[in-house]
Amino acid sequence: MFKGSLVALVTPFNNGQVDYKKLKELVEFHIENGTNGIVPCGTTGEAATLSFEEHEQVVSEVVNYVSGRIPVIAGAGSNNTKEAIHLTKHARKTGADGALVITPYYNKPTPEGLYRHYKAIAEEVDIPIVIYNVPSRTGISILPETVARLAEMKNIVAIKDASGNIDQATKISQLCNITVLSGEDSLILPIMSVGGKGVISVTANIAPSDTAALVRHCLEGNFGKALEYHYKLFPLCKGMFIETNPIPVKTAMKLLGRLNGEMRLPLCEITKENEERLKTVLEDYGLLS
C-alpha cells in the first residue's frame, strides 16, 4: 500500500514554538522534489518533546497542506497502548492515510505483549498501520514471527524496519506479505534487494530527489543504476547519524539555509567538530559550496 521514498519530516521550531509557516514550506519542497510520502511526528520530528496538542496540530496541518497529493503517514505511537490508540484515532479523524506506530519503549514488552499492543490499536482504529521497529531507541526488536502474526490483520499493512539487520527484513518477507520499508537510509538498496518496497528516510530531508531516484530504480528492478545512487548517497546517509537524529539533519538544513536548526531539549546543538565533518559531507555531495 505504501511504497517509494517517504520522508521522516523534521518539525521546525521558532523560539520554542512549532513554526507552521516553515512546516508548510517543507511540505511543498518535498512534493516539488519527488518525495512519495510525508511522515510527520516520528523520531525525526521530535515527537517525544511535542505536547499532545502540538502533535495533533502538526499532523492536522500536514494533512491539510498535502491535500491528498501524496500519502501522509502520521506518527502515532506510544509506550502506553491507550495513548497510542488516542493518537491513532486522531490520525484517522484528521484524514491521514496511515499511522506509524513505534514498538513500546522502556516497558520492554514480551512478544505476546507487542502482539496485543498492535492488535488493540488495529481493532480500535480502522486505518492502515505501519509498525515501527527501531531497537536502538526502544530497547526491543519485534520478532519476524510476531510481525507475521500481526500481518494477518487487514489494516496492519507495513513495517518500517530500523533494526539494521538484513536477516530481519529477509525473514519478515519470507513469512508474510507485509510491506517492508527501510528505516536505515544506508540500507535502502540492500533491504529493497530482498523484497523491500521503499524507505522512511531522514536523508530525504536533505536530498529528496536523489533518495526518490534510488528507490524508484530499485522498484523498477534497475539495480545497476540504483547502485550508483547508493554509492552517491552513502556518505550523506552516514553523515545524518554522526550524532543523535535529528541533530545532524537539522544542522545540515540550517547550513543549507532551509531551517534555523532549532531543537528542543534534551537535544542540543551539534559539536563544533561534528559540524565541520557535516560541512565536509555536504560540500563533497555538492549541496554546499
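## A tour of the annotated sites and the largest pocket

Select Tyr132 and Lys160, which UniProt lists under "active site" in an unreviewed entry; UniProt positions follow the numbering used here, feature names are shortened, and annotations may be inferred rather than shown by experiment. The two residues are spread over 29 residues of sequence, yet they cluster in space, with a largest C-alpha distance of 4.8 Å. Both Tyr132 and Lys160 belong to the lining of the largest cavity. On a 1 Å grid over the protein atoms alone, a cavity is a set of points where a 1.4 Å probe fits but cannot get out, and a pocket is an open set with protein on both sides within 12 Å along at least five of seven lines; lining residues have an atom within 4 Å of a point.

This is a predicted model, in which local features need pLDDT of at least 70 and side-chain atom pairs count only at pLDDT 80 or more, while totals for chains, interfaces and linings use all residues. Residues are numbered from 1 along each chain as its sequence is written, and side-chain values use heavy atoms, with hydrogens and water left out.

Next, centre the view on Tyr132 in strand β7 (residues 129-133). Helices (H or I, at least four residues) and strands (E, at least two) are DSSP runs, numbered from the N terminus. Is Tyr132 buried or exposed? Tyr132 is buried, because its relative accessible area is 7% and buried means under 20% (exposed is over 50%, partly exposed in between; 1.4 Å probe, protein chains only).

Move to Lys160, in strand β8 (residues 156-161). Leaving aside neighbours within four places in sequence, its contacts (heavy atoms within 4.5 Å) include Tyr132, Leu181 and Ile200.

Thr44 is in the loop between β4 (37-39) and α2, whereas Ile200 is in strand β10 (residues 198-201). Thr44 is buried at 3% relative accessible area, and Ile200 counts as buried at 2%.

Finally, display the largest pocket, with about 640 Å³ of space; grid points are joined across faces, edges and corners, and a volume is the space filled by probe spheres set on the points. Of its 29 lining residues, the closest to the centre are Glu46, Ala47, Ala48, Thr49 and Tyr105. Strand β6 gives the largest share of this lining, three residues.
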